Amino acid sequence: MSALRILVPVKRVIDYASKRALVTNTGNFSWQVKPRVNKAQTAVETAGVKHSMNPFDELSVEESVRIREKKRYPPGVEDICVVSAGPPKSQDILRTAMAMGADRAVHVEAKEGDEMEPLAVAKMLRALVDQEKSNLVILGKQSIDDDAAQTGPMLAGLLGWPQATQASEVAFEGDSVLVTKEVDGGVETVKAKLPMVITTDLRLNEPRYASLPNIMKAKKKPLVKISLSDLGVANERRLKVVKVTEPAPRQGGGKVEDVDGMVSKLKELGAL
Amino acid sequence: MACRSRLAPVLRRAGASGLIKAANPTARASLTALRCIATSPPRQFRASGSRHAKFTSDAYPDIKRDARFSEITADHVAFFKDLLGRETALIDGVTGEVAADDMEPYNGDWMRKYRGHCKLVLKPGSTQEGGNTGLVGGSVPVFDEIVINTSRMNQIHSFDDVSGILVADAGVVLEVADQYLAEKGYIFPLDLGAKGSCHIGGNVATNAGGLRLLRYGSLHGTVLGIEAVLPDGTIVDDLGKLRKNNTGYDLKQLFIGGEGTIGMIAKVSIQCPQRSHAVNVAFLAGESYEKIQQVFREAKSQLGEILSAFELMDLKSQQLVQKVRSSNSPLEGEHPFYCLIETSGSNSEHDNEKLEKFLEDVMTKEIITDGVLAQDETQLRSLWSQREGIPECLGHWGGVYKYDLSIPLQDLYKLVEDVREKIDAAGLRGDSDEFPVVDVVGYGHMGDSNLHLNVAVRRYDKRVEQVLEPFVYEWIAKVSGSISAEHGLGLAKKNYIGYSRSETMVALMKQIKNLYDPNGIMNPYKYV
């Protein structure tokens, strides 16, 4: 059994908390304004909106670091490599991942607004798995911007590896991995041999804060910049975005004076 | 304009009816007291609510009902019903149409420390819940005063996109005003824990301070004008929108922090700053209060204009928050002191560079022992909640004695140590139910030299009060501090004003009170 070489893909997305910025509860404050659809109705306006690491990817980084720290896999963890494709700003989240405990980072450079479809991302990751000699890929079950939830399964398909999706617990047994996921009315545990692909779900762990000493150390960890063509992958696009629209504004509720008022209102609406 | 027709008549015509004979000091027997701070049902985090609090009139037997005021009768209720023209504009506990439960929210505060005998609530002018979030009993009736609730006066009148000046009714909820401004790229220059329920009129009347006073200054500076109603019905129309106006006395300042004792604020115009796009929060640990002071010095010199908050928390306060929430500290291990630093600016690259340099510097110089930097909005909020959640978590065991004090920075934390020592010497603090005191904690707006000394208790106990008072006030007088930095006087601190203000100053205040409210009907039994 050889030690683990974990590849963790991470994506820079619009900050999850700023998405619900205007519906905060008492005691919370928010500086951010809710993201809007652009004028041409082709995408969500990203300029001036706060970005951070996709929350599912944070779980992947945290889990990889915990496998190492808690010595869950006896041969050990040799390498935790994070990778992100995107504009120069993507390096911020790579540094965050390294501050959380990843060893090094690969930045696949792309222009601002150069979106990749899940299949292109999966092909890119396959090339990286070959290059980095990874034997375990842990990635978020979906990114919260596109919500495609396809990259993990496509990557497993391209590599011909077993996959376990929506992990809420990851354990090791010899050279096998036991992955538990939540299903209707309980949990389901599957077992597969390495190498494999695991996608993460929210209940898996609680990501740590990046501590100052680790943020400082992360600045000195290696970050390699490459391009998509270096990996021999082209950014093919098969889908055309026809239109993006905002949900219809919510209708405000009404208040009634008393029970009689409520009953007549319900009758009026045909509920009674 | 809308509010003139709603509020002023309540006061003016009440006078005409003989209920309040404000202009005629001889007809005192028919006066009824009016209490005029924005109030409505408080947030309650326990179902038991204010029902379990003692009546304030029983807890403070020294306060006698003013014989000048008449008891509220059914005639009074009929008069106000007629005046306001709507059944829902009034909650009537006099003629017995309303269950006692409906009146309770107006008779209590969120800490369950004060409870009044109010029988009539007036709501001049839409319906929304909110208010009664005060900490010194300033907004809760003592006897059977009439409560005027501004929650139906909740319109935002205008906003100037260039100057950033907002004009709004007193009953607008702070968070609503702030969200309105957020859409326009501006921010309300006040932020505090109760923002989801407090009204801006009440904020101005109490001159609330909050989390970002360090950056935006006090409401005495940001409020440009107010419209208020005096007890005799006179409308004080000073709703100016000018930053500079040196023409005569600046009378609106009397209403800011006046706690509704000389008039009731109906509208406010306020200067709002630009909202910052780049916000960062760091949570740091230090081994002593001296080290935290050093961090503050360094933060001011290295972060300069982007520093927007500097908050202090001691270990005890954090331990209690963790215990109540069953959560973990953002930092590993335990540290004697924590501070939260927030920066806000317009350019995130510029801010990040400054902040990282600063953090690296204080880390390598070993001024701090550990720290974390929020990497996203979720972490940013959760770090803030470590500080903002303290007051609510401390209430978990039953009650809290709260002191909101201004103290010269170098002595700030000494008071907490001294009080803890005294409480321990009296044998009042312990882990089991027989001890009234859970713990003595200190936290606060260090950037403004403002300490919150809180004593979390399992029950309110005279022995604890005897240890605390007048000890705390004498201690404050010795260091020339203030016994109320941002919470006001209300009922709780009324008798202690002498520790922070000279006799001459108090006499001058009384003159002003008598000038505008000769019959003493506005928020009686409170303030001066």
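Predicted model: local features only at pLDDT ≥ 70, side-chain atom pairs only at ≥ 80, totals over all residues.
User: Which residues make the contact?

Analyst: On the H4(A) side the contact is made by A:Pro118, A:Leu119, A:Val121, A:Ala122, A:Lys123, A:Leu125, A:Arg126 and A:Val129, while H5(A) contributes A:Thr151, A:Met154, A:Leu155, A:Leu158 and A:Leu159. Sorted by class, the contact of H4(A) with H5(A) has 10 nonpolar, 1 polar and 2 charged residues.

User: New topic: which residues touch the most other members in the largest nonpolar core?

Analyst: The largest nonpolar core has 130 residues, and those that touch the most other members are A:Val8, A:Val82, A:Ala97, A:Ala102 and B:Cys339.

User: What is A:Val82 in contact with?

Analyst: Leaving aside neighbours within four places in sequence, A:Val82 is in contact with A:Val8, A:Val10, A:Val61, A:Leu94, A:Ala97, A:Met98, A:Ala102 and A:Ala105. There is also a second, separate core of 41 residues, which includes B:Met153, B:Ala170, B:Leu181 and B:Ala182.

User: How many residues of H6 in chain B are buried?

Analyst: Helix H6 of chain B, residues 174-183, has 7 of its 10 residues buried, so this helix is largely enclosed by the rest of the structure. The buried residues in H6(B) are B:Leu174, B:Glu175, B:Val176, B:Ala177, B:Asp178, B:Leu181 and B:Ala182.

User: What do those buried residues pack against?

Analyst: The buried residues of H6(B) pack against strand S5 (156-159), strand S6 (165-169) and helix H7 (200-205) of chain B. After H6(B) comes B:Gly185, which has a positive phi near 85°.

User: Which residues other than glycine have a positive phi?

Analyst: Most residues other than glycine have a negative phi. Among those with a positive value are A:Gln41, with phi near 55°, and A:Ala149, with phi of about 55°.

User: Where are they, and are they buried or exposed?

Analyst: A:Gln41 lies in the loop between helix H1 (16-19) and strand S3 (51-53) of chain A, and A:Gln41 is exposed because 12 other C-beta atoms lie within 10 Å, where 12 or fewer is the cut-off for exposed. A:Ala149 lies in the loop between strand S6 (136-140) and H5 of chain A, and with 16 C-beta neighbours inside 10 Å A:Ala149 counts as partly exposed.

User: Which peptide bonds are cis?

Analyst: Among them is the bond from A:Leu194 to A:Pro195, with omega near -5°, and A:Pro195 lies in the loop between strand S10 (186-193) and strand S11 (196-200) of chain A. Another cis bond runs from B:Glu469 to B:Pro470, with omega near 5°, and B:Pro470 is found in the loop between helix H17 (462-468) and helix H18 (471-478) of chain B.

User: Last one: what does B:Thr369 touch?

Analyst: Not counting residues up to four places away in sequence, B:Thr369 touches B:Ala285, B:Gly286, B:Glu287 and B:His335. B:Thr369 and B:Glu287 are 82 residues apart in sequence, while their C-alpha atoms are 6.9 Å apart in space. B:Thr369 lies in the loop between helix H13 (348-364) and strand S13 (370-373) of chain B, and B:Thr369 is partly exposed, with 16 other C-beta atoms within 10 Å.

Definitions and conventions
Residues numbered from 1 in each chain as written. Chains lettered and ligands numbered in written order. Contact = placed C-beta atoms within 7 Å. Helix = DSSP H or I, 4+ residues; strand = E, 2+ residues; numbered from the N terminus. Nonpolar A, V, L, I, M, F, W, Y, C, P; charged D, E, K, R; others polar. Core = buried A, V, L, I, M, F, W, Y, C linked by C-beta atoms within 7 Å. Buried ≥ 20, exposed ≤ 12 C-beta atoms within 10 Å, placed from the backbone.
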